[in-house]
Number of protein chains: 2
Amino acid sequence: MREMTESNGPVGVGEGGGMPGPTNPMVTPLLTDLYQFTMAYAYWKAGKHSERAVFDLYFRRNPFGGEYTVFAGLEECIRFIANFKFGEDEISFVRQILPPSCEDGFYDYLRGVDCSDVEIYAIPEGTVVFPRVPLMRVEGPIAIVQLLETPILNLVNYASLVTTNASRHRSVAGKSKLLLEFGLRRAQGPDGGIGASKYCYMGGFDATSNVAAGKVFGIPLRGTHSHAYVSSYMSVDEILDKSLRSSDGSSTCDDFVSIVQEWLSRIQGSNSLHGAFGETNQSELAAFTSYALAFPTNFLALVDTYDVMRSGVPNFCAVALALNDLGYKAIGIRLDSGDLAYLSCESRKFFKCIEEEFGIPGFGKTNITASNNLNEETLDALNKQGHELDAFGIGTYLVTCYAQAALGCVFKLVEINNQPRIKLSEDVSKVSIPCKKRCYRLYGKEGFALLDIMTGENESPPKVGERILCRHPFNESKRAYVVPQRVDDLLKCYWPGKSGKEREELPPLKEVRTRCIKQLEQVRPDHMRRLNPTPYKVSVSMELYNFIHFLWLNEAPVGELQ
Amino acid sequence: MREMTESNGPVGVGEGGGMPGPTNPMVTPLLTDLYQFTMAYAYWKAGKHSERAVFDLYFRRNPFGGEYTVFAGLEECIRFIANFKFGEDEISFVRQILPPSCEDGFYDYLRGVDCSDVEIYAIPEGTVVFPRVPLMRVEGPIAIVQLLETPILNLVNYASLVTTNASRHRSVAGKSKLLLEFGLRRAQGPDGGIGASKYCYMGGFDATSNVAAGKVFGIPLRGTHSHAYVSSYMSVDEILDKSLRSSDGSSTCDDFVSIVQEWLSRIQGSNSLHGAFGETNQSELAAFTSYALAFPTNFLALVDTYDVMRSGVPNFCAVALALNDLGYKAIGIRLDSGDLAYLSCESRKFFKCIEEEFGIPGFGKTNITASNNLNEETLDALNKQGHELDAFGIGTYLVTCYAQAALGCVFKLVEINNQPRIKLSEDVSKVSIPCKKRCYRLYGKEGFALLDIMTGENESPPKVGERILCRHPFNESKRAYVVPQRVDDLLKCYWPGKSGKEREELPPLKEVRTRCIKQLEQVRPDHMRRLNPTPYKVSVSMELYNFIHFLWLNEAPVGELQ
């Protein structure tokens, strides 16, 4: 992409400089709040629109009662910025909605607006982040940066929230389990679904059921069949073409249904399994058999339409054993209701019995997937009960972030015309940290991150091995000396504007996912645990601390008691 | 639209028959779960793909602890259906993700698939609905209807959830208040934002801040300025062009800033307001003055950047009074933090003082808008405390449906090849009601809805004035005789397929909104109240009741105790 920049002039002058637009074509310069336009007009009218402003994007509290967040959404923001340009019909719509007294010159101005003079510094996507530290710093002409506020917040807020949610599910499920995102049907709108698939994958999920997301982002896809498929069958008589070629192609079995029925009788007659079940449901048997005929290499059956242990599992085993006769290995079962821990253990026992009784090596290890309104709590409960599940399909609670449906990222002015600005509030946690800042992550001897520190733009950076005083931004009694063993400069330049700086590459999704998984391993476990996690320290330098408090006193009105 | 149908042949044969596609272009036939494709293949492989299936879309529990839901999302579903057709690149992607053993004929089949043989019956969009009653019934070739399941659920679930949420906010706020949706920045992705704007308007909101939604759906737009606008100013010296023409165009004031400053001194010197505040913040005064110069006809100021009563409100009044001198009427203030009830009352007092002291008729009625994480609870609390607010800007909690982030609509097979199907579950609430059904709403003498009743497709409909026995579908002791004064047939034909039926029109958004508001008035208040609402009765006919229980016994496996 950098080569393209060099040969085609500055990137992002409205035509994306070769960078594709946002995934969702509805993300246009009009996807913003009306007040960004009224402010842009007021700035323009006052001749103030080109004043150079610096805004920080950050959040104030970690979601889900946790002490960490994963930053996501950056690539979509940069794609948006790169292609930011008003079309004529957009300008005429803005003209319609502003008062008729607004002057024509403003629309000429809008016509020329793009992000060529905007600079964006950001923490790399997929990084573990903490409250108050800017995830993005956006600098540029104030009218333009205001127009960007809403879409950037929109693209970052949910992305970071759902990535964090996915990472929390991964952390509870453990590294060895297969995690599948099944949320499309319950997501908050179509791209709530597509976005969820992307960011759950980023946060550590293995695959999605969402075909469109698979196509757009190259995420692995998973899925088998539903209850409706099972109940659409009445009996095996419906299966007309009963033939199945063996796995190695050497022979064809003319009546696969008979082999299945034979196996079912053998299972029913088995000593060790005897009495575990009576007659199984015939429509289910027909559905499984038919599904196996369609997907002999991918046979995974949903076993809870009628009764898991009395019908679903024996029917599955009959079909799986018939497939085995032809050289195919069934994948496994999915449980979608009931006591998942108990049913998984019972199913595992059944599979092991089959392995022993009929001498089918590996059958005991047949995959068991669970779904049905899973979330962090149910995964945790399953772990405590003990279970035999290999994979989890997670939907509603994951993609809608049911436990906390919004992340409160904000976008605050911290400097204009090189003058630092502060936003006061009676609620101290809402006071913004002024100035264009630098942000560093300091690491200790064991390789874990110790704390993040913000300094003024022109302060010299913390150095490895040198003691530095780190202060809580608002609480004067909270401070600590730190001697970092490693220092990461957190904010990288993702959109250089006219600064002449090098532009950071946007890595492909898979690399961001790998980064995210690694990042989570570098955070001290006590910050990550579900129960009473330790807050991670976010601090400011001595110099910045003093400046914040000077400015605060300067701006706050003095009360008059009467 | 019906005319178009007649002249152009059957609508919806893949090209939409003139009907536009879904609002979000990402809603394509690939926006579905992988298992819909694996099932479609398995049906096709078994020669079962054209079997006629009937699916019901319904939910099991009302959201937000309430006893009603508003159905929404229908128009988007019909637009999707009308344009349902696979493109070549979509088919080749499906080929990539299915096992290589899948036969070529399936892809030829997919190439020809459209919804010309699908029928959709639905309750009109914007109707108040209740658990278990089908919101939509989708009939058609089973493989096609399965492919539709996920996108239809996606388009209905969030739409109905957020419309319901909006209607609940309206109900707490009261009819006379202005409700503004401000959620775009916190929404779950870009069309979480656009969808929220549409459906909040449908549910009774008056306007949105989302410009894109205003353009796409014609929703009124609102918005003024942010804290950043205020803090971007340092002092009134920054205002270079200080001239303002009077409202009637008859004269031009050369130094509007001086008039503002004069008014500020007069307010500061006033007897009744004396001592209420000292020096106001000058950057705020500059920002307000500048904004008024840009929007003299639309002056609404955010007054809490520094201190509402000591700075924001006096500054606002100074600018508003200066505008008044030139014949303009300021709109009002917005409060975005602090004790909104208290601050609104104090601001109102201040405005009334100004009205009296300076003889400005109507100034006491200056509009007061509140924002800042409002939700049903805070609106309710404000009502109880007493407040002077005229308008509410509601974002995060509204659009993300924070109180309950998902509605659990499901899509269940109820009939195939004219054979009724039932989905059993150990959890009775999860047992589906089989058969192609008719659904009626019965009204009592006072015009309120009494209950909904489902009957078999061929039963004769309930008649006005005739006694009918209504039974709870699963609880045999719950039943009641009803003599309806009015009977509404709930399911209308929105997509006739090849049935030859008339197609219901899809009314414009504004009409759906009006319908929704009227509907909510026809539900008995005790079903609608926030605290301990009475459940609305959903029943089945005697005949359907008996059939459900016959089928249930038939399908359930008989236990064997040992």
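**Close-ups of a two-chain model**

**View 1. Salt bridges between chains A and B.** The rule finds eight salt bridges across the interface of chain A and chain B, each one a side-chain nitrogen of Lys or Arg within 4 Å of a carboxyl oxygen of Asp or Glu. In one of them, Lys215(A) pairs up with Asp89(B), with the closest N and O atoms 2.8 Å apart. This is a predicted model, where local features need pLDDT of at least 70, side-chain atom pairs count only at pLDDT 80 or more, and totals for chains, interfaces and linings use all residues. Residues are numbered from 1 along each chain as its sequence is written, chains are lettered from A in the order in which they are written, and side-chain values use heavy atoms, leaving out hydrogens and water.

**View 2. Where chain A meets chain B.** Here 112 residues of chain A are in contact with 112 residues of chain B (contact means heavy atoms within 4.5 Å). Together the two chains bury about 9,500 Å², 59% of it on carbon and sulfur atoms; that's the accessible area (1.4 Å probe) lost on putting them together, summed over both. Met26(A), Arg185(A) and Gln188(A) supply 9% of the area that chain A buries against chain B, more than any other three residues.
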